[in-house]
Amino acid sequence: MLALYENGGHHVEYSTRARTWLAQLAADSNFKIDYLTHTDSITDDLLSQYRLIIQLDYAPYAWKPTAMTAFQKYIEEGRGGWIGFHHATLLGEFDGYPIWPWFSNFMGGIRWKDYIFRFAKAIVHVEDPASPVMKGIPDSFVVQKEEWYTYDKSPRPNVHVLASVDESSYQPDTSVKMGDHPVIWTNEKMGARNVYIFMGHSPILFDDWVYQKIFSNAIFWAAATSQPATPQPATPDLAPTTTAPPPATASPKAATATHGAKQTPALTPAPKPKFKALAFYSHTVEPDHIAFARDAINFYTALAARKDFSFDTTSDWAAGSEKLNDYQLILWLNDFPHTEEERSAFARYMDGGGAWLGFHVSAYNDRDTRWPWFVHFLGDAVFYNNSWPPLPARLIVEDQKHPATRRLPARYTAPINEWYGWRPNPRLDKDVHVLISLDTANYPLGKKDILRSGDIPVVWTNTKYKMLYMNMGHGDLVLSSPLQNRLFEDAILWLGSNAATPAATPAAAPAHGATHPTQ
């Protein structure tokens with residue numbers, strides 16, 4: 001397939017996240033993606049090499065005449081399929097370029113009118129659950145953040161609408177409305193299988209299984225291929241309004257319609273992943289922790305594609321906590337559970353045999369945290385102090401035979417990070433096995449906040465559980481070291497290896513039910 005995307009501007013973060021997600025889907029499903037950031041090279045010959053074009057937030061103006069003609073022929077004659085997102089309906093006079101009349105008609109005869117520049121949360125209703133694009137999608141779902149476009153008129157009379165947004169559900173409310181407001185549709189007058197999906201501004205869309213499912217459904221339908229069975233990710237920021245996706249079966253007519261597209265062999269189904277991992281993160285924490293989570297998601301997404309495991313992400317801690325038993329491994333990238341329900345669910349998951357990999361602030365706890373179970377889980381380690389500003393540090397690898405540290409030297413210098421001290425020291429717990437610690441040659445470490453002395457473990461495991469904690473996780477340089485990245489890679493592969501689906505355990509006592517001297 002061929003994907004067009006904008007390598008700059010307001011949508012670059014969305015396009016970057018889309019490329020990461022598509023890379024894993026392509027690896028899982030055995031297809032190839034080429035990318036273009038301009039249309040200058042588009043010709044009939046170029047497009048003939050592809051069965052699907054994805055227009056990722058790429059506007060329909062400033063195209064060269066040759067590219068416009070080739071694209072129009074590709075769509076009208078059904079030479080392949082097409083999926084457009086968001087910016088693909090920026091139809092009008094922009095940047096000195098005229099509207100593309102053919103593309104306007106392709107999109108239902110519409111012209112861009114306005115948009116909600118401050119963004120709004122809204123409910124989207126599925127109108128055609130029998131469509132292959134809507135297969136497995138809830139009747140309604142919530143989009144947490146979008147800059148909803150309006151047009152001079154609804155495209156409905158000229159297209160087949162698959163889903164529409166409920167403008168009365170906008171939060172915050174706004175006067176930027178158009179009444180009947182389709183957001184997913186297909187133009188059945190064209191030879192190509194085609195679908196336009198309005199949602200496509202924010203990268204957080206890819207945190208949600210609903211959005212991922214719509215996107216993947218669209219790919220396999222528009223490319224006229226059969227879709228392999230893939231694991232359903234957890235539910236994050238685009239939370240469905242129902243508790244689980246209701247089954248949706250495409251009608252025989254919908255399932256077999258070709259819209260003139262050439263039938264091609266089905267893609268080879270991907271092998272079952274070796275294990276399934278779910279990474280939790282938050283985007284309301286401090287910027288350096290957000291930066292690490294972003295880098296970690298990209299790192300592990302690429303690793304999952306190479307090492308044949310499933311890697312899903314979510315920033316919805318409540319919804320994700322309900323699905324822990326669907327995964328063999330849980331990661332906390334830059335935060336930890338804050339509610340009683342989320343904490344109890346995690347404790348049951350780990351007591352039932354689940355695995356956990358935590359980074360940096362995910363283990364932060366003090367007198368106000370009030371989660372004694374987690375303190376014991378960490379080996380009775382309680383946050384005591386930290387170094388500041390973030391600095392590199394010399395580390396000692398205490399166990400070079402452990403699967404997580406087997407490829408590390410006895411000593412190495414880690415990239416810039418904020419380093420935590422602990423009291424009590426987790427090493428004092430008989431079940432804790434320390435893998436890496438700070439070299440005392442670092443002291444004094446810091447300038448404003450200083451670690452001056454002491455034994456400070458950096459990476460350890462509580463051998464009563466399948467878990468590993470790393471103090472690394474502050475800023476955008478943590479994953480800049482190929483040497484240290486071996487630890488990040490081997491840790492997740494060790495935790496995921498021979499992992500079994502956690503057994504369901506009875507509901508535990510409230511997470512605050514125990515006491516601890518420091519709490």
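User: Is Thr150 buried or exposed?
Analyst: In this predicted model, Thr150 counts as buried at 2% relative accessibility. Buried means under 20% relative accessible area, exposed over 50%, and partly exposed in between, with a 1.4 Å probe and protein chains only.

User: Where does Thr150 lie, and what does Thr150 touch?
Analyst: Thr150 lies in strand S8. Leaving aside residues up to four places away in sequence, Thr150 touches Arg111, Trp112, Lys113, Asp114, Val176, Lys177, Met178 and His181. Contact here means heavy atoms within 4.5 Å. Strands (E, at least two residues) and helices (H or I, at least four) are DSSP runs numbered from the N terminus.

User: What should I know about the numbering and the model?
Analyst: Residues are numbered from 1 along each chain as its sequence is written, and side-chain values use heavy atoms, with hydrogens and water left out. As the model is predicted, local features need pLDDT of at least 70 and side-chain atom pairs count only at pLDDT 80 or more, while totals for chains, interfaces and linings use all residues.

User: On to the sheet. What is the strand order?
Analyst: An open sheet is formed by 9 strands in the order S2-S1-S3-S4-S11-S10-S9-S6-S7, with mixed pairing. Two strands pair if DSSP finds at least two bridges between them. Strand S2 (34-36) and strand S7 (140-146) are the edge strands, each pairing on one side only. From one strand to the next, the twist averages 20°.

User: In which sense do S10 and S11 pair?
Analyst: S10 and strand S11 (residues 194-197) pair in the antiparallel sense over 2 bridges. Ile184 has Ile197 in S11 as its bridge partner.

User: Now salt bridges. How many are there?
Analyst: The count comes to 19 salt bridges, each being a side-chain nitrogen of Lys or Arg within 4 Å of a carboxyl oxygen of Asp or Glu.

User: Which residue forms a salt bridge with Arg156?
Analyst: Asp180 does, with the closest N and O atoms 2.8 Å apart. This pair links distant parts of the chain, 24 residues apart: Arg156 is in the loop between strand S8 (149-151) and strand S9 (160-171), and Asp180 is in the loop between S9 and strand S10 (182-186). Arg156 is partly exposed at 29%, and Asp180 is partly exposed at 32%.

User: And what is the partner of Asp439?
Analyst: Asp439 bridges to Arg411, the closest N and O atoms being 3.3 Å apart. Asp439 is buried, with a relative accessible area of 9%, whereas Arg411 is partly exposed at 42%.

User: Where are the cis peptide bonds?
Analyst: One joins Arg423 and Pro424, with omega about 5°, and another joins Tyr443 and Pro444, with omega about -5°. Pro444 is in the loop between S20 and S21.

User: Which non-glycine residues have a positive phi?
Analyst: Among them are His86, at about 45°, and Phe119, at about 70°. Most residues other than glycine have a negative phi, and most peptide bonds are trans. His86 is buried, with a relative accessible area of 0%.

Note on methods:
Axes fitted to C-alpha atoms, helices over the stretch in contact; angles between N-to-C directions.
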